Amino acid sequence: MTITSTLGPGTAISAVGLTKAYDGRTVLDGIDLRVPEGTVFALLGPNGAGKTTAVEILSTLVPADAGAVRVAGHDVVREADRVRAAIGVTGQFSAVDDLLTAEENLLLMADLHHLARREGRRRAAELLRRFDLTGFAAKSASTFSGGMRRKLDLAMTLVGDPRVIFLDEPTTGLDPRSRRTMWELIEGLVQEQGVTVFLTTQYLEEADHLADRIALLDGGRIVAEGTAEELKRRIPGGHLRLRFARPADLAAATALFDYAGADAEALTLSIPGDNSIVTVKAVLDALDNAAVRAESLTVHTPDLDDVFLTLTAEGAAR
Ligand SMILES: Nc1ncnc2c1ncn2[C@@H]1O[C@H](COP(=O)(O)OP(=O)(O)OP(=O)(O)O)[C@@H](O)[C@H]1O
Ligand SMILES: [Mg+2]
């Protein structure tokens with residue numbers, strides 16, 4: 001039996017009861033995480049929530065005080081070397097050496113991974129091409145823009161061909177176009193090479209766009225976890241809006257639903273709810289049974305910003 005199979009097939013990262021304190025102050029208060037292979041997991045949280053600390057522990061850089069962590073089938077404490085061989089880490093702060101060119105930075109990583117010289121060169125050239133940096137291979141990294149530096153940083157992380165990649169705020173400070181480029185690169189890694197990505201971000205839109213699952217870290221605990229859609233459904237603000245052609249239809253519909261808010265001028269009715277398919281169907285059935293005709297139905301879901309602000313509000317008040 002392999003070590004991986006004891007985890008259940010396909011688990012790239014698992015943490016149970018992960019605990020860490022600095023100077024007597026609890027940063028991570030027994031968190032549990034599970035990230036299936038080939039998926040993107042986003043850890044969100046306000047400044048100082050412990051995102052970087054979590055990445056550092058999962059990537060063997062810092063020891064936990066308590067808890068069991070396995071990454072790529074290995075224990076991060078007892079088999080740290082094997083974990084390190086399987087992962088790549090792009091830290092919150094760049095690992096790019098300004099005194100070196102883009103190519104030299106990549107070759108340095110190739111050396112660290114003990115790649116033969118020829119293989120290192122081949123890998124560096126391939127990554128420069130993939131990241132659209134070929135024309136800058138011989139340029140000093142000190143001349144790079146923030147976006148180019150971020151790309152080079154990610155390219156350096158990929159030199160060792162990792163199966164699991166940790167990205168700590170990969171797009172902070174990037175303009176919208178550079179951010180999209182990074183997203184495409186990350187998506188490509190997952191879709192084409194099946195790597196697992198664990199990322200932290202301040203950008204809810206980023207988690208929404210990239211992540212299969214999202215966990216919200218606050219006050220040392222995971223306060224919410226799920227797909228973006230699941231998280232959005234958890235908080236108030238979601239509603240169905242029906243629009244009617246005639247005031248009589250609006251009045252008839254208003255009588256059917258508790259808590260519904262009618263707008264007589266716009267001829268609309270807002271029905272608060274979880275926006276699940278079951279709810280939508282129940283609303284349509286109720287209209288149908290009462291022979292009330294609606295012109296249109298739209299589903300309004302709160303965005304992740306609403307989720308973040310609502311679920312971390314307690315932390316902000318402390
Ligand atoms: N090496 C350290 N020594 C002492 N305290 C630390 C250390 N590293 C982190 N901390 C503390 O742990 C807490 C969490 O820090 P961490 O960097 O993990 O937060 P974060 O969620 O990554 O924040 P940000 O969004 O600002 O990057 C903070 O209060 C920080 O001061
Ligand atoms: Mg951080």
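Colleague: By class, how many nonpolar, polar and charged residues does the shell around ligand 1 have?
Modeller: This is a predicted model, to start with. The shell has 7 polar residues, 3 nonpolar and 2 charged.

Colleague: Which residues surround ligand 1?
Modeller: Tyr22, Asp23 and Val27 are there, along with Gly45 and Gln92.

Colleague: How many residues of H2 are buried?
Modeller: 7 of its 8, so H2 is mostly covered. The buried ones are Lys51, Thr53, Ala54, Val55, Glu56, Ile57 and Leu58.

Colleague: What follows H2?
Modeller: Thr60, with a positive phi near 70 degrees.

Colleague: Back to Asp23. Where does Asp23 sit, and what is its phi?
Modeller: Asp23 is in the hairpin of E1 and E2, which has 2 residues between the strands. Its phi is positive, near 50 degrees.

Colleague: How many bridges join E1 to E2, and do they run parallel or antiparallel?
Modeller: Antiparallel, with 9 bridges between E1 (residues 11-22) and E2 (residues 25-36). Within that pairing, Ala15 stands opposite Leu33 in E2.

Colleague: Change of topic. How many residues has the largest nonpolar core?
Modeller: It has 52 residues. Those with the most contacts inside it are Ile13, Ala42, Leu58, Val71, Val197, Ala207 and Ile214. Leu58 is also one of the buried residues of H2.

Colleague: What does Val197 touch?
Modeller: Leaving out residues up to four places away in sequence, Val197 touches Val40, Ile165, Leu167, Ile186, Leu189 and Val190. Another core, of 16 residues, lies apart from the largest one and includes Ala102, Ala110, Ala141 and Leu152.

Colleague: And the domains: what are the bounds?
Modeller: The assignment gives domain 1 as 3-96 + 144-232, and domain 2 as 237-301. Their C-alpha centres lie 41 Å apart.

Colleague: What about the chain overall: how many helices and strands?
Modeller: 13 helices and 14 strands. The C-alpha atoms fill a box of roughly 80 × 45 × 45 Å along the principal axes. Of the 318 residues, 38% are buried.

Colleague: Among contacts between residues at least 6 apart in sequence, what share joins residues at least 24 apart?
Modeller: That share is 69%.

Definitions and conventions: Residues are numbered from 1 along each chain as its sequence is written. Chains are lettered from A and ligands numbered from 1 in the order in which they are written. This is a predicted model: local features need pLDDT of at least 70, side-chain atom pairs count only at pLDDT 80 or more; totals for chains, interfaces and linings use all residues. A residue is near a molecule or strand if its C-beta atom, placed from the backbone, lies within 6 Å of it. Ala, Val, Leu, Ile, Met, Phe, Trp, Tyr, Cys and Pro count as nonpolar, Asp, Glu, Lys and Arg as charged, and the others, Gly among them, as polar. Domain bounds come from an automatic or database domain assignment. A nonpolar core is a set of buried Ala, Val, Leu, Ile, Met, Phe, Trp, Tyr and Cys residues joined through C-beta atoms within 7 Å. A residue is buried if 20 or more other C-beta atoms lie within 10 Å of its own, exposed if 12 or fewer, and partly exposed in between; C-beta atoms are placed from the backbone. Two residues are in contact if their C-beta atoms, placed from the backbone, lie within 7 Å. Helices (H or I, at least four residues) and strands (E, at least two) are DSSP runs, numbered from the N terminus. Two strands pair if DSSP finds at least two bridges between them.
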